[in-house]
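Please read them alongside the coordinates.

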Protein chains: 2
Amino acid sequence: MKINLPETGQERVVIVGGGFAGLTLARKLAKSNFQVVMIDKNNYHQFQPLFYQVAMAGLEPSSIVFPLRKLFQKKKNVFIRICELERVNPEAKQIETSFGVVNYDYLVLAMGVDTNFFGNEELAEKTLPMKSVSEALYLRNRILTDYEIALTIPDYEARQSYIDIVIVGGGPTGVEVAGALAEMKHYVIPKDYLELNQREIDIYLIQGGSRLLPGMSESAGANALKFLEKLNVKVKLNTRVVAFDGEKVTMKDGSSIPTKKVIWAAGIKANPVAGLSEECRVWGNRLKVNRYNQIDGLEQVFAIGDIAYMEEESFPQGHPQVAQVAMQQAKHLAKNLKNRSIGRPMKPFHYKDLGSMATIGRNKAVCDLPRIKFKGFPAWLVWLFVHLFQILGVKNRLFIFINWLWNYITYDQYLRLIIRPDERHRSAEVKPSTTE
Amino acid sequence: MKINLPETGQERVVIVGGGFAGLTLARKLAKSNFQVVMIDKNNYHQFQPLFYQVAMAGLEPSSIVFPLRKLFQKKKNVFIRICELERVNPEAKQIETSFGVVNYDYLVLAMGVDTNFFGNEELAEKTLPMKSVSEALYLRNRILTDYEIALTIPDYEARQSYIDIVIVGGGPTGVEVAGALAEMKHYVIPKDYLELNQREIDIYLIQGGSRLLPGMSESAGANALKFLEKLNVKVKLNTRVVAFDGEKVTMKDGSSIPTKKVIWAAGIKANPVAGLSEECRVWGNRLKVNRYNQIDGLEQVFAIGDIAYMEEESFPQGHPQVAQVAMQQAKHLAKNLKNRSIGRPMKPFHYKDLGSMATIGRNKAVCDLPRIKFKGFPAWLVWLFVHLFQILGVKNRLFIFINWLWNYITYDQYLRLIIRPDERHRSAEVKPSTTE
């Protein structure tokens, strides 16, 4: 059955995914001559860079997610459908969703990427990923819950696996989580859990490669390492995790650490799209696109953001999977689509690297900008403001700013709440009407 | 197995429940000569009067709940255990919890009350209660989700059951939810759901009795009714709901309304406590206590708040089950316990009614104060400030105030997010260590 959408005679651009890429594109095409249909399984945009602060009880989910409808309130050419993409059918210029079929003139795939467990079922099932705000919230609940349990365990050995945490992956997420956990240990535990001895708590960061933050400069990686060691995080480089049975995590070299919590930030991969040929898929399930973000051989199907793989002179292995690329590709595609619709030629995409940064904790961050690299307090301030201004919504910005100021002054995260979903929650899903 | 608690030689007061009653008592006994053990299944205190604003996407859960540990951070004589009461064993002066056994010198039962479905399994299973912040959040998700689904249904009839809402119960909760939903319909739907016709949305309030707000004055009830009718809420008095199959709700008189959402605010009852004799249970499972909040025949077992039933001259049917009674009983019991411990006699409890109020919407509320009854904008302001100052935590107060101001100015609720729990959430519960 066809999804209920007005036929306005406008060319229809269907955008799948409301992340940095999809959202930026939709906003650029709002009030254009296209009919824009935005499809996402959530009714909100998620600000991924701050997931770790939700997990560490520093921010509320609502401060880092933004309702899509709110964003397009007065945009009469934008239609939002909260459903899941099931299959692409390029011949018929249709997609199949959990709500039904949608025709398109242009299809833009911007579903981003998911956690990569490299085919290890056990890791996928037992470790804690952090690629959605729900996963971040769940992680928060697990950490706090385990502290509560640890209190009730008199035996030292038995207690450790509840309070020690292992983080796998030395990229920005892993580094930021490790730093935040270390600060929780130093500043919060002694206040909230008098009965726990914070010195007993060990935080491990396991990195397969020989350095941290491989996406950034050598010096940034080295400084992140220094910062983390200052916070007593036990960083293990050149170490690969091969198994986690829920009780202990085992490394390739046979060594192991007893813990009930392994945070998995070691890799990402796209979810394969049904209906597209194998040829267009490259490593990590990314979709190979030309310089116009077109999928080879499919004139009217585009891919942007983390899910897209584009080679250009300065990026022979493709672009890094970061928000900057996603937003630049989205803006560029918006221009190209508008040009195309009035018969103008499309222009090839060029990525302009604006630099990257990561924060490790209070006054501790590293920044690589095109001209200058710096660290410490100035880098931390830059990090704060860059992220504050990327956040959607004045009110979100205000609340996050107050939260950060508050936490900074009080050395405290305020939101240590284990709010468990009501049992019935499970059934709360957007399903198409059954009466149809 | 015994729960892990320090034996300090102090007399131990075990408080079950961190609601208005239990929390107030624990705070009064903090820094006393008692060892206080607070037991709750959640690690936070919930501010019930504002649940409906969470459900209506006006406030974040985190603004109306407060972490227990944060509250007792520097109180060395207070010990918190996040577990469930399973059984009381007065002979042994012990309780059994999901964490193990706890001995007490004084036991204070303050578990409050739960939703009463009057034994109707179908209603219990299919309607939406609102007695916890999780239930409120779930209700929010359901309302927003059904709007999303309604968009996809071209057929008028089929659409109605997704957008019409029936509220059962004409007490403060029912009235406040009805008012908030009506305002969401008027101010939010036209902005967020251009594709929905707000005139199609019907909100019903079903009340068994002949008036609204039976706990308040005649005039308050009449004014609430006027306000709700002004907001186009369809109020049905003297009407009893007998069945809801998930598709339509049926009244005693045989009439019915097709809807997928029935909010149940029609009654409360306590959960029976295993180990206590039948004799001490009265209507609504309340525990009969004497003027010292002692359960008959059990010198050292007390009950306070909604779960307690005490008759005094001016309240021959017992006190109303409201926060005021709970907090006054808690303060009084704290004094009595302190007196008792130094051999002084306990004093009988007297309830001082400070009045009651309910809000229906923007600038619409009703106040019954001991000397004066008033309504409208002044009542609404009083309601706002009374609730604002009852909220725990300066930061919560600040955030709620900003939220209210914001929503008032923008005619908007900001938090229309369907944040569904991660699948794994289900397993996130505080269970005692299995290694023990």
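1. Over all chains, a search of the whole structure returns 27 salt bridges. The model is predicted, and the distances below are computed from it.

2. One salt bridge joins the side chains of B:Glu195 and A:Arg81, at 2.5 Å from N to O. This pair crosses between chains: B:Glu195 sits in the loop between helix H8 (172-192) and strand S12 (203-206) of chain B, and A:Arg81 in strand S5 (residues 78-82) of chain A. With a relative accessible area of 1%, A:Arg81 is buried, whereas B:Glu195 is partly exposed at 33%.

3. Within chain A, A:Glu200 and A:Arg159 form a salt bridge whose closest N and O atoms are 2.7 Å apart. A:Glu200 belongs to the loop between helix H8 (172-192) and strand S12 (203-206), and A:Arg159 to helix H7 (residues 156-163), so the pair ties together parts 41 residues apart in sequence. A:Glu200 is buried at 12% relative accessible area, and A:Arg159 is buried at 13%.

4. In chain B, the side chains of B:Asp202 and B:Lys234 meet in a salt bridge of 2.9 Å, N to O. The pair links distant parts of the chain, 32 residues apart: B:Asp202 is in the loop between H8 and S12, and B:Lys234 is in strand S13. B:Asp202 counts as buried at 17% relative accessibility, while B:Lys234 is partly exposed at 38%.

5. A network of salt bridges links A:Arg142, A:Asp146 and A:Lys261.

6. Which residues form the positive surface patch? They are A:Arg27, A:Lys28, A:Lys331, A:Lys335, A:Lys338, A:Arg344 and A:Lys347. Helices H1 (20-29) and H10 (323-341) of chain A each supply at least two of the patch residues, and H10(A) gives the most, with three. A:Lys338 is found in H10 of chain A and is partly exposed at 36% relative accessibility.

7. B:Asn238 lies in the loop between strands S13 (234-236) and S14 (241-244) and is exposed, with a relative accessible area of 53%. B:Asn285 lies in the loop between strands S18 (268-269) and S19 (287-288) and is buried at 16%.

8. Helix H6 (residues 133-151) of chain B has 19 residues and reaches 28 Å from its first C-alpha to its last, close to the expected 27 Å. Of its 19 residues, 19 are buried, so H6(B) is largely enclosed by the rest of the structure.

Terms used. Residues numbered from 1 in each chain as written. Chains lettered and ligands numbered in written order. Predicted model: local features only at pLDDT ≥ 70, side-chain atom pairs only at ≥ 80, totals over all residues. Heavy atoms only, no water. Patch = residues over 30% accessible without salt bridge, like charges linked within 9 Å, V, L, I, M, F, W, Y side chains within 5 Å. Areas by Shrake-Rupley, 256 points an atom, 1.4 Å probe, with all protein chains shown as cover. Salt bridge = Lys/Arg side-chain N within 4 Å of Asp/Glu carboxyl O. Lys, Arg positive; Asp, Glu negative; His and termini not counted. Charge placed at Lys NZ, Arg CZ, Asp CG, Glu CD. Helix = DSSP H or I, 4+ residues; strand = E, 2+ residues; numbered from the N terminus. Buried < 20%, exposed > 50% of the residue type's maximum accessible area, 1.4 Å probe, protein only. Expected span 1.5 Å × (residues − 1).
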